[in-house]
Amino acid sequence: MSISNTNDNESQKKHIAIIGSTGSIGVQALNVIRRHPDQYSVEVLTANTNAELLIAQAIEFQPNTVVIVDKDKYPQVQQALSEHDIKVFAGEKSLSDVMEMNSIDTVLTAVVGFAGLTPTLRAIEYGKTIALANKETMVVAGEIVTKLATQKNVPILPVDSEHSAIFQSIVGEWHNPIEKILLTASGGPFFGKDRNFLKTVTVDDALHHPNWSMGKKITIDSATLMNKGLEIIEAKWLFDVAPEQIEVVVHPQSIVHSLVQFRDGSVKAQLGLPNMELPIHYALSYPMRHADSTPRLSFADYPTLTFAQPDPDTFTCLALAYQAIEKGGNMPCIMNAANEIAVSAFLKGQISFLDIADTIAAAMAKNTFIAKPSLDDLLQTDKETRISTLNNIKTI
Ligand code: NAD
Ligand code: MG
């Protein structure tokens, strides 16, 4: 028997669709694919509004199909790609419809926010492996998504660095239940600060993440710690654990990406430099690891790794996320929609940093609770919460 680490056969290439290819995760995924043309080919690229970057990516990677969600940008994309053998579609519906393409093996969900839910479900329905970056999908509809994935026998491979670390720690441990997940958090730019300090922080301050360069929404989520709240819910569904089995540990250096404790007391972790290309690559290459030139971790550069407790009295979004998952039903969906609206309002300078958590708490107290929501209920919950949160923000 010969064991080979490389797929040198064209037919063994994985055919990848990247939804949200023009964002931070999308661009980094294309960096990985650019380094491994023998392993991956790009089938689909999509963008919300950034036509220029989508066109440039399409010309370089020659996908079968591109989708620009903003219909006004369709003529520009169509025109620019007219001499290439690339199909161009526009609109939200096309984003989901292209998920049915036979030629796609894996869909990397790199869209931000609730918009990722419908195309992800369609991809699962059509049997595509999911490389999941879009954590909001799991937050709002984790039960529906995981049930469908089990039914369709579709793997959901985490891209989020913490969840990738957890996954890498349990590979080969399938028969050993997880006792506890230790979910690491950098603490964001305001780690160690109190509420008094947070009263006056600006958008620029909040966008200044110490370790990671990411899209604006997740960067603000990291500053409020809502990102960690979303990740607790994401971990619950991905790894089938109870919320009380997930402990958040603040680790400002972002080297230990998360840990898993087993019932004999052993703790396994995955470490690496804070570089999303590694977890993106693992989700695409799993179960293999392909040689790659990403920078290596040197402990000489990190003589001190520190760990601390989070401060839920200052960063109340963390407590809101635990409340939402304890309550269940459509509550995480309410929390997520209110957060998306509040973050967008903060980025526009309409509300203050501390108003974000207050706005979410108000939505969770006010919006109609549904214990066993259908997908339609969740779509409706998302819509209603957005409207009521926008109205609430007008009164601030
Ligand atoms: P981003 O804002 O940089 O990119 C978002 C992408 O989604 C863009 O391509 C944009 O065109 C597309 N998009 C935005 N709104 C859309 C809509 N309504 N419909 C269709 N497409 C839309 O975001 P990002 O930082 O790359 O994050 C993407 C997802 O990955 C998020 O869910 C985030 O939480 C998760 N994630 C990101 C990182 C990171 O390092 N950036 C790390 C872990 C997880
Ligand atoms: Mg993360």
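**Reading cavities and a helix**

Q: Which helices each supply at least two residues of the lining of the largest cavity?
A: Helix H8 (195-198), helix H13 (316-327) and helix H15 (353-366) each supply at least two residues of that lining. The model is a predicted one.

Q: What is the make-up of the lining of the largest cavity?
A: Its residues divide into 6 nonpolar, 3 polar and 1 charged. Among them are Arg-195, Thr-224, Phe-315, Cys-317 and Ala-357. H15 provides the largest share, 3 residues.

Q: Which elements each supply at least two residues of the lining of the second largest cavity?
A: They are helix H7 (161-170), strand S11 (267-271) and H12. H7 gives the most, with 3 residues. The lining residues include Ser-161, Trp-212, His-257 and Pro-279. This lining comprises 5 nonpolar, 7 polar and no charged residues.

Q: Against what do the buried residues of H1 pack?
A: Helix H1 (residues 24-35) spans 17 Å from its first C-alpha to its last, close to the expected 16 Å. Its buried residues are Ile-25, Gly-26, Gln-28, Ala-29, Leu-30, Val-32 and Ile-33. The buried residues of H1 pack against strands S1 (14-19), S2 (40-47) and S5 (106-109), and against helices H2 (51-61) and H12 (277-285).

Methods:
Residues numbered from 1 in each chain as written. Chains lettered and ligands numbered in written order. Predicted model: local features only at pLDDT ≥ 70, side-chain atom pairs only at ≥ 80, totals over all residues. Heavy atoms only, no water. Helix = DSSP H or I, 4+ residues; strand = E, 2+ residues; numbered from the N terminus. Expected span 1.5 Å × (residues − 1). Buried < 20%, exposed > 50% of the residue type's maximum accessible area, 1.4 Å probe, protein only. Contact = heavy atoms within 4.5 Å. 1 Å grid on protein atoms, 1.4 Å probe; cavity = no way out; pocket = protein on both sides within 12 Å on 5 of 7 lines; lining within 4 Å. Nonpolar A, V, L, I, M, F, W, Y, C, P; charged D, E, K, R; others polar.
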